[in-house]
Amino acid sequence: HAAEAQRTDLMTITRHVLNEQSRYPESRGDFTILLSHIVLGCKFVASAVSKAGLAKLIGLAGETNVQGEEQKKLDVLSNEVFVKALVSSGRTCVLVSEENEEAIFVDPALRGKYCVCFDPLDGSSNIDCGVSIGTIFGIYMIKDKGNVTLADVLQPGTNMLAAGYCMYGSSCTLVLSTGNGVNGFTLDPSLGEFILTHPNIKIPNKGKIYSVNEGNAKNWDAPTAKYVEKCKFPQDGSSPKSLRYIGSMVADVHRTLLYGGIFLYPADQKSPNGKLRVLYEVFPMSFLMEQAGGQAFTGKQRALELAPTKLHERSPVFLGSYDDVEEIKALYASES
Ligand code: AHM
Ligand code: MG
């Protein structure tokens with residue numbers, strides 16, 4: 001039986017990626033090794049996040065522990081774990097983290113061919129109250145191993161090889177694309193393994209939910225304002241959309257991916273480039289959306305076609321169900 005097979009024939013994330021990579025005869029397992037180090041980071045953060053509420057009791061993350069030592073904040077701790085795991089994988093050459101002003105160039109002795117851009121713990125406003133937060137990552141290949149430069153990470157998102165996120169929520173879910181569709185894995189804490197639970201995720205073509213920080217409405221541009229107005233007061237006889245907004249990109253995007261709908265972080269008068277960072281927020285999420293059959297748009301262009309010039313560059317983004325993003329694209333097109 002299929003059900004029985006599922007229970008005894010576990011598709012771990014490692015097994016899944018090994019299967020996918022076996023399609024490429026030249027692959028030597030480097031990507032699988034890189035991914036297993038990312039997975040290690042995610043498991044560490046999952047464990048730390050689940051204990052964060054006990055910090056006062058046992059002295060974790062930013063609290064002073066029983067020995068009176070100052071403990072590291074969760075986001076700082078998560079960053080250290082990811083940087084060390086990625087460097088020690090021996091498969092990376094340049095790392096870009098939201099937590100580090102400068103790119104990290106890996107020691108030549110430990111260098112591999114991959115570049116990883118990541119936000120180790122996104123959703124900072126939700127950390128201290130125990131609401132879902134996540135890790136986001138995008139992976140590129142270097143152009144020339146003998147000459148590693150910033151240009152290796154300042155590439156358009158269309159050059160990305162793989163992207164994913166891990167959500168530390170009511171369960172711990174890792175969503176991954178290596179350019180061949182999107183798959184979701186759930187951490188089985190008793191095994192310490194991510195098991196394939198959401199094979200071949202496809203986002204519905206149209207959704208019933210919009211997700212945006214409406215507190216910024218006063219400063220929105222006309223197309224964004226018009227779009228949100230249409231969500232609330234549709235003129236075509238359809239029902240209004242529901243609003244859901246957590247304020248953690250990983251959680252808001254994850255819901256959008258599974259239920260359909262649209263996530264917006266637009267430009268506004270105060271932040272003309274929006275808030276979200278291109279390399280480790282906009283690109284990975286846009287890659288996943290497209291791989292799931294949705295779209296990602298900046299207000300001007302397909303998000304993945306942006307060519308970033310700075311590590312921590314920002315961009316507005318509208319992503320989600322294909323038809324919903326078409327609507328906002330039409331509003332921006334009629335504006336110009
Ligand atoms: P952070 O990197 O400081 O955590 O900010 C990124 C987060 C995203 O997870 C989320 O989509 C967005 O900020 C929410 O911003 P706002 O509070 O302005 O609505
Ligand atoms: Mg962030």
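**Helix packing and the ligand shell**

In this predicted model, helix 7, which spans residues 222-232, packs with helix 10, residues 322-335, at an angle of about 140 degrees, and the two axes lie 9 Å apart. An angle over 145 degrees would count as roughly antiparallel; helix 7 is therefore oblique to helix 10. The crossing of helix 7 past helix 10 is right-handed. On the side of helix 7, the contact involves Ala 222, Pro 223, Lys 226 and Tyr 227, which meet Glu 327, Ile 328, Leu 331, Tyr 332 and Glu 335 of helix 10. Sorted by class, this contact between helix 7 and helix 10 comprises six nonpolar and three charged residues, with no polar ones.

A second pair is formed by helix 3, residues 30-51, and helix 5, residues 74-88, whose axes are 9 Å apart and whose packing angle is about 160 degrees. Because of this angle, helix 3 and helix 5 are roughly antiparallel to each other. Helix 3, too, passes helix 5 in a right-handed crossing. Helix 3 contributes His 37, Leu 40, Gly 41, Phe 44, Val 45, Ala 48 and Val 49 to the contact, while helix 5 contributes Leu 74, Leu 77, Ser 78, Val 81, Phe 82, Ala 85 and Leu 86.

Ile 13, Thr 14, Val 17, Leu 18 and Gln 21 of helix 2 make the contact with Phe 31, Thr 32, Leu 35, Ser 36 and Val 39 of helix 3. The contact of helix 2 with helix 3 divides into six nonpolar and four polar residues, with no charged residue.

Attention may now turn to the ligand. Which residues surround ligand 1? The shell consists of Glu 98, Asp 122, Gly 123, Ser 124, Ser 125, Asn 213, Gly 247, Ser 248, Met 249, Asp 252, Tyr 265 and Lys 275. Two helices, helix 6 (124-127) and helix 8 (249-259), each supply at least two residues of this shell. By class, the shell around ligand 1 holds six polar, four charged and two nonpolar residues.

These elements belong to a protein chain with 10 helices and 13 strands. The radius of gyration of the protein chain is 20 Å, close to the 20 Å that the globule rule gives for 336 residues, so the chain is as compact as a globular protein of that length. Taken along the principal axes, its C-alpha atoms fill a box of roughly 55 × 50 × 50 Å.

Notes: Residues numbered from 1 in each chain as written. Chains lettered and ligands numbered in written order. Predicted model: local features only at pLDDT ≥ 70, side-chain atom pairs only at ≥ 80, totals over all residues. Near = placed C-beta within 6 Å. Helix = DSSP H or I, 4+ residues; strand = E, 2+ residues; numbered from the N terminus. Nonpolar A, V, L, I, M, F, W, Y, C, P; charged D, E, K, R; others polar. Axes fitted to C-alpha atoms, helices over the stretch in contact; angles between N-to-C directions. Parallel < 35°, antiparallel > 145°, perpendicular 65-115°, else oblique. Left-handed = near helix turned anticlockwise from the far one by under 90°. Contact = placed C-beta atoms within 7 Å. Rg over C-alpha atoms; globule rule 2.2 N^0.38 Å.
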